Amino acid sequence: MSTSANRLHACLTALGYAVLIACASKPAINDFAPTRPQQTAQPTEAAKYNVQLGVAYMERGELAVAKEKLERAVKQNPHDPNAHSALAMLYERLGDPSQADAQFQTALRLAPHSPEISNNYAVYLCRTHRVDEGVRRLLEAARNPLYPTPEAAYTNAGVCLRGVHRDDEAERAFVSAVTLRPGFAEAVYQLSDLDMQHGRLVQARARIDSYIANYTATPELLLLGVHVAHALGDRPSELRYAQRLRVDFPDSQQTRSLLAPNPNPG
């Protein structure tokens, strides 16, 4: 049984923030350290540091503190597109789409050729159901030779398309991602999940087995392997995937779901 709907939103969130965080490497959260006195720093450097802090706090779910840091960064350097992009993502988390849109538009005006900011905006568009524009921007980012992780942009595009059941287009985007980087686990997961959703169970299992034979297994792929093997009626393979999941990822959410009692036995 596929859990695509819930995972699609989570995947877009994770991949989108990954791009942002790559642009603003996170420091340890200790902005009270006397060795980093913000009041004496140059405004541009202080703004950059507050962007880093804001992203780190946002990742931890401390949104009020993140808002304080990111709004301070924008005041310190209103010409920093990364500050506006980060603040836009925060406003989305806070349920304020008008402010999120405004901050993204400012970021894009300041850095119209930045594939990272375009990617962040595209992920936001997909999460707010503006799929065509979001996919267009993601594919532009993926095809930009200066963009460092085109496989993530292709995967985001595929996830966005899956969310509106445009599965053929989604599959082409995922294939582009794994062609560029065969070990990109999220794209392999999405392709395998698509195979399962469309009844291509043998193909799904072959894809999962090929990945875990050549790359580090992920809990998501192992749990999907459990479901695929179960659907095939292949009890030995089901037990094999489940055992590896329990041994390699004992504390993962996927292992907990595997061990949870089935509310509908039989």
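I take helices (H or I, at least four residues) and strands (E, at least two) as DSSP runs, numbered from the N terminus. The model I am reading is a predicted one, in which local features need pLDDT of at least 70 and side-chain atom pairs count only at pLDDT 80 or more, while totals for chains, interfaces and linings use all residues. Residues are numbered from 1 along each chain as its sequence is written, and side-chain values use heavy atoms, with hydrogens and water left out.

**Entry 1: the chain as a whole**

I looked up the elements and found 14 helices and zero strands in the chain, so that, by the DSSP runs, the order from the N terminus reads α-α-α-α-α-α-α-α-α-α-α-α-α-α. I then asked how much of the chain is buried, taking buried as under 20% relative accessible area, exposed as over 50% and partly exposed as in between (1.4 Å probe, protein chains only). Of the 266 residues, 50% count as buried. For contacts (heavy atoms within 4.5 Å), I noted that residues 24 or more positions apart account for 55% of those in the chain with a separation of 6 or more. The chain exposes about 13200 Å², of which carbon and sulfur atoms supply 54%; accessible areas come from the Shrake-Rupley method with a 1.4 Å probe, and for residues only the protein chains shown count as cover.

I next looked for aromatic pairs, in which rings of Phe, Tyr and Trp (its six-membered ring) have centres within 6.5 Å, with planes under 30 degrees apart counting as stacked, over 60 as edge-to-face and the rest as tilted. By this rule the count comes to four aromatic pairs. One of them is the tilted pair of phenylalanine 104 and tyrosine 124, with 5.2 Å from centre to centre and 35 degrees between the planes. This pair links distant parts of the chain, since phenylalanine 104 belongs to helix H5 (residues 97-110) and tyrosine 124 to helix H6 (residues 115-127), 20 residues apart. Are phenylalanine 104 and tyrosine 124 buried or exposed? Both of these residues, phenylalanine 104 and tyrosine 124, are buried.

Tyrosine 124 also forms a pair with tyrosine 121, and this one is stacked, at 6.1 Å centre to centre and 20 degrees between the planes. Tyrosine 121 and tyrosine 124 are separated by about one helical turn, because they are three residues apart in helix H6. I recorded a relative accessible area of 4% for tyrosine 121, which is therefore buried, and of 0% for tyrosine 124, which is buried as well. Phe104, Tyr121 and Tyr124 form one aromatic cluster.

**Entry 2: helix H10**

Helix H10 (residues 185-197) has 13 residues and reaches 18 Å from its first C-alpha to its last, close to the expected 18 Å, where the expected span is 1.5 Å times one less than the number of residues. Why is H10 largely enclosed by the rest of the structure? It is enclosed because 12 of its 13 residues are buried, among them Glu186, Tyr189, Asp193 and Met196. After H10 comes glycine 199, whose phi is positive, near 80 degrees.

**Entry 3: salt bridges**

Side chains of opposite charge can pair when their charged atoms come close. I counted a salt bridge as a side-chain nitrogen of Lys or Arg within 4 Å of a carboxyl oxygen of Asp or Glu, and the structure holds 19 of these salt bridges.

In one of them lysine 67 is joined to glutamate 71, with the closest N and O atoms 2.9 Å apart. Lysine 67 and glutamate 71 are four residues apart in helix H3 (residues 63-76), so about one helical turn separates them. Lysine 67 is partly exposed at 30% relative accessible area, and glutamate 71 is partly exposed at 25%.

Aspartate 101 and arginine 130 meet in another salt bridge (3.5 Å, N to O). Aspartate 101 lies in helix H5 and arginine 130 in the loop between H6 and helix H7 (131-143), so the pair ties together parts that are 29 residues apart in sequence.

Arginine 240 forms a salt bridge with aspartate 209, the closest N and O atoms being 4.0 Å apart. Here arginine 240 is in helix H13 (residues 235-248) and aspartate 209 in helix H11 (residues 201-214), 31 residues apart. Arginine 240 is partly exposed at 41% relative accessible area.

Finally, I noted that Glu171, Asp195, Arg200 and Arg207 are linked in a network of salt bridges.
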